Amino acid sequence: MLFDDWFDPIENGIRARVRGFIETMLEEELDGALSRPRYGRRKASQNEDAAAPLVGCRHGHRKRALTGTFGKTEIAVPRARIAGDGGKTSEWKSKSLQAYQRRTKAAEALIAGAYLSGTNTRRVRRALNAVFAGAVGKDVVSRTWRKVKGDWDAWNARSLKDEPIIRLILDGTVVRVRLDKKATSISLLVALGVRADGQKVLLAVKNMGGESEAAWRALLDDLVKRGLQTPELVIVDGAPGLDKALAALWQNVPVQRCTVHKHRNLLAHAPERLHEEISNDYKDMIYAATKQEVEAKRKAFIRKWRLKCPAVADSLEEAGDKLFTFTRFPPSQWKSIRTSNAIERLHEEFKRRIKTQTVLPCAETAAMLFWALMASGQITMRKVNGWQSLAEKPSDQFLDLAA
């Protein structure tokens with residue numbers, strides 16, 4: 001096979017000495033626990049009457065295979081019985097090498113990182129074959145990945161009381177998972193927060209059957225239960241279920257409808273030959289430099305398309321003032337408020353990651369994988385545009401919706 005004859009004396013020399021190093025480290029740890037070296041006597045105290053009794057005694061070694069970034073090696077682990085209360089003894093347990101541990105944490109981090117980077121379990125095995133000398137199977141990759149669940153559960157239960165969240169961005173995405181041995185589409189509901197300093201942070205990822213009002217309300221109630229304060233602004237894609245859930249929970253919180261999603265809705269209401277003209281008029285309105293220009297171009301848009309294609313005008317009016325909430329804020333923040341692009345980018349990265357797996361093993365794995373991409377640093381987020389002016393309060397004046 002290719003690469004089989006690529007002998008490296010440096011790697012070979014290091015791996016040959018790893019076994020001796022690990023065994024020496026374990027022996028020294030046991031010497032410390034017994035307060036005496038192997039074949040040695042316990043040091044006597046200056047006060048003979050106060051001398052402590054023997055802590056325990058050795059009784060041989062046991063063989064164990066250990067896989068690390070150095071490859072797979074077989075080591076001899078020392079054994080000993082440690083004296084306890086009441087004359088009872090117990091087996092000595094090393095703090096360096098945990099019971100039943102077969103891989104080092106660095107090796108498990110390497111396996112999990114390779115899996116998160118966009119490969120499936122079988123491809124991880126092939127990719128890391130040279131490092132681990134064929135010691136990693138797809139079941140090992142699966143077991144290593146499942147160890148992330150402890151951190152995932154802790155993240156889901158963490159308190160949000162001290163998080164200075166002033167803005168929420170909410171959106172959902174559809175993924176395919178295996179439920180009851182069949183491929184099924186589910187929705188991942190994602191909540192992204194913006195701190196007072198402008199830094200974006202992932203707050204929650206929930207797997208739900210859809211984007212209904214009940215599904216979104218369950219996610220929002222969980223955030224509130226964990227201490228999330230009422231935000232100053234919420235950015236949404238315009239899904240009816242989400243709008244109802246927000247209206248029931250936070251009636252007075254300003255809501256911004258994503259202008260990109262509304263653009264797609266407008267095009268869906270018109271024949272294809274009009275798409276370019278609609279897009280030009282819509283972009284002139286949304287990306288106008290001042291609030292007065294936005295207001296004037298909105299009126300012109302409604303008048304023109306009320307005559308040319310009434311369905312387009314009706315679709316724009318359906319959004320109401322929620323489509324122009326961004327005009328109440330300083331112009332430096334308009335770019336980050338107008339759309340839900342911050343969360344859409346996360347969806348794109350997630351879809352790119354799972355492209356190698358047509359169907360994910362289960363619904364929980366989908367949500368956990370989305371979170372792990374952020375937690376492991378595979379995806380990073382920067383501060384929102386205009387974060388320097390986040391302390392400024394929005395204006396109380398709404399856009400004039402008269403056509």
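This is a predicted model: local features need pLDDT of at least 70, side-chain atom pairs count only at pLDDT 80 or more; totals for chains, interfaces and linings use all residues.

Residues are numbered from 1 along each chain as its sequence is written, and side-chain values use heavy atoms, with hydrogens and water left out.

**Stop 1: the cores.** Select Val205, Ile278, Phe301 and Phe350. Among the 60 residues of the largest nonpolar core, these touch the most other members. (A nonpolar core is a set of buried Ala, Val, Leu, Ile, Met, Phe, Trp, Tyr and Cys residues joined through side-chain atoms within 4.5 Å; buried means under 20% relative accessible area, with a 1.4 Å probe and protein chains only.) Now colour helix α15, residues 363–375, which gives this core the most, 10 residues. (Helices are DSSP runs of H or I, at least four residues, numbered from the N terminus.) A second, separate core has 24 residues, including Leu189, Ala215, Leu242 and Val253.

**Stop 2: Phe301.** Which residues is phenylalanine 301 in contact with, leaving aside neighbours within four places in sequence? Show Leu266, Ile278, Asp281, Tyr282, Met285, Val312 and Leu316. (Contact means heavy atoms within 4.5 Å.)

**Stop 3: a helix pair.** Select α11 (291–308) and α12 (310–319): their axes come within 6 Å and cross at roughly 145 degrees. (Axes are lines fitted to C-alpha atoms, for helices over the stretch in contact, and angles run from 0 to 180 degrees between N-to-C directions.) On the α11 side, the contact includes Phe301 and Trp305; on the α12 side, it includes Val312 and Leu316. The contact residues split into seven nonpolar, no polar and five charged. (Asp, Glu, Lys and Arg count as charged; Ala, Val, Leu, Ile, Met, Phe, Trp, Tyr, Cys and Pro as nonpolar; the others, Gly among them, as polar.)

Stop 4: Show Ile166, Arg167, Glu232, Leu233, Phe329, Gln333, Leu390 and Glu392, which line the largest cavity. (On a 1 Å grid over the protein atoms alone, a cavity is a set of points where a 1.4 Å probe fits but cannot get out, and a pocket is an open set with protein on both sides within 12 Å along at least five of seven lines; lining residues have an atom within 4 Å of a point.) Four of the lining residues are nonpolar, one is polar and three are charged.

**Stop 5: an open space.** Finish at the second largest pocket, where α14 (341–353) supplies the largest share of the lining, three residues.

Terms used: Helices (H or I, at least four residues) and strands (E, at least two) are DSSP runs, numbered from the N terminus. Buried means under 20% relative accessible area, exposed over 50%, partly exposed in between (1.4 Å probe, protein chains only).
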